[in-house]
Amino acid sequence: RTGRWTDPELSFRDALLPPFLSGSLPLPNNLKLVDFLSSVLKSKPSRLTKKMKHARLSAKHYFVHSGFLRTDREAETLSRLEKEFLDSIAEENEREEMRFH
């Protein structure tokens, strides 16, 4: 993804940060935040660093604490925000490719 950030993209990104930083996602240890967000949002790392200048994306690594979200509500919120983000992608092929992954 390139260009302007959409509101759904920003909301989904912001919702991913707390579970990443608390180790509540099923991810491998030592994954960099910038690599995680780049993969999930299909965005270039440079685009992320530009938008999140003070986040020190390359300095933050994932370490498993629980490896899962603690409540159904957290999971439902992330799922809803992911759906809104995907629905906001105008290009159908790109949207469907991202849904597949």
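What share of the 101 residues in the protein is buried? Buried residues make up 35% of them, where buried means under 20% relative accessible area, exposed means over 50% and partly exposed lies in between, with a 1.4 Å probe and protein chains only.

1. Basis of the note. This is a predicted model, in which local features need pLDDT of at least 70 and side-chain atom pairs count only at pLDDT 80 or more, while totals for chains, interfaces and linings use all residues. Residues are numbered from 1 along each chain as its sequence is written, and side-chain values use heavy atoms, with hydrogens and water left out.

2. Overall fold and dimensions. The protein has 5 helices and 0 strands, giving the pattern α-α-α-α-α when read along the sequence; helices (H or I, at least four residues) and strands (E, at least two) are DSSP runs, numbered from the N terminus. The radius of gyration of the protein is 13 Å, which agrees with the value near 13 Å that a compact globule of 101 residues would have, the radius being taken over C-alpha atoms and the globule rule being 2.2 Å times the number of residues to the power 0.38. Along the principal axes, the C-alpha atoms fill a box of roughly 35 × 30 × 20 Å.

3. Contacts across the sequence. Of the contacts between residues at least 6 apart in sequence, 71% join residues at least 24 apart, contact meaning heavy atoms within 4.5 Å.

4. The nonpolar core. The largest nonpolar core has 22 residues, and those with the most contacts inside it are Phe-12, Phe-36, Leu-37, Leu-41 and Phe-85; such a core is a set of buried Ala, Val, Leu, Ile, Met, Phe, Trp, Tyr and Cys residues joined through side-chain atoms within 4.5 Å. Helix H1 (7-21), helix H2 (33-41) and helix H4 (72-87) are the elements that give two or more residues to this core, and H1 provides the largest share, 6 residues.

5. Helix H2 and its cover. The buried residues of H2 are Leu-33, Val-34, Phe-36, Leu-37, Ser-38 and Leu-41, and what covers them includes H1, H3, H4 and helix H5 (92-100). Not counting residues up to four places away in sequence, Phe-36 touches Leu-16, Phe-20, Leu-25, Leu-27 and Leu-31.

6. Leu-81 is found in helix H4 and counts as buried because its relative accessible area is 9%. Leaving aside neighbours within four places in sequence, Leu-81 is in contact with Ser-11, Phe-12 and Ala-15. The C-alpha atoms of Leu-81 and Pro-8 are separated by 6.9 Å, although these residues are 73 apart along the chain.

7. Two loop residues with positive phi. Most residues other than glycine have a negative phi. Asn-30, in the loop between H1 and H2, has a phi near 75 degrees and is partly exposed, with a relative accessible area of 49%. Lys-42, which lies just after H2 and has a positive phi of about 50 degrees, is partly exposed at 32% relative accessible area.

8. A buried serine in a loop. Ser-43 is placed in the loop between H2 and helix H3 (45-51), and Ser-43 counts as buried because its relative accessibility is 4%. Apart from neighbours within four places in sequence, Ser-43 is in contact with Arg-1, Ser-38 and Leu-48.
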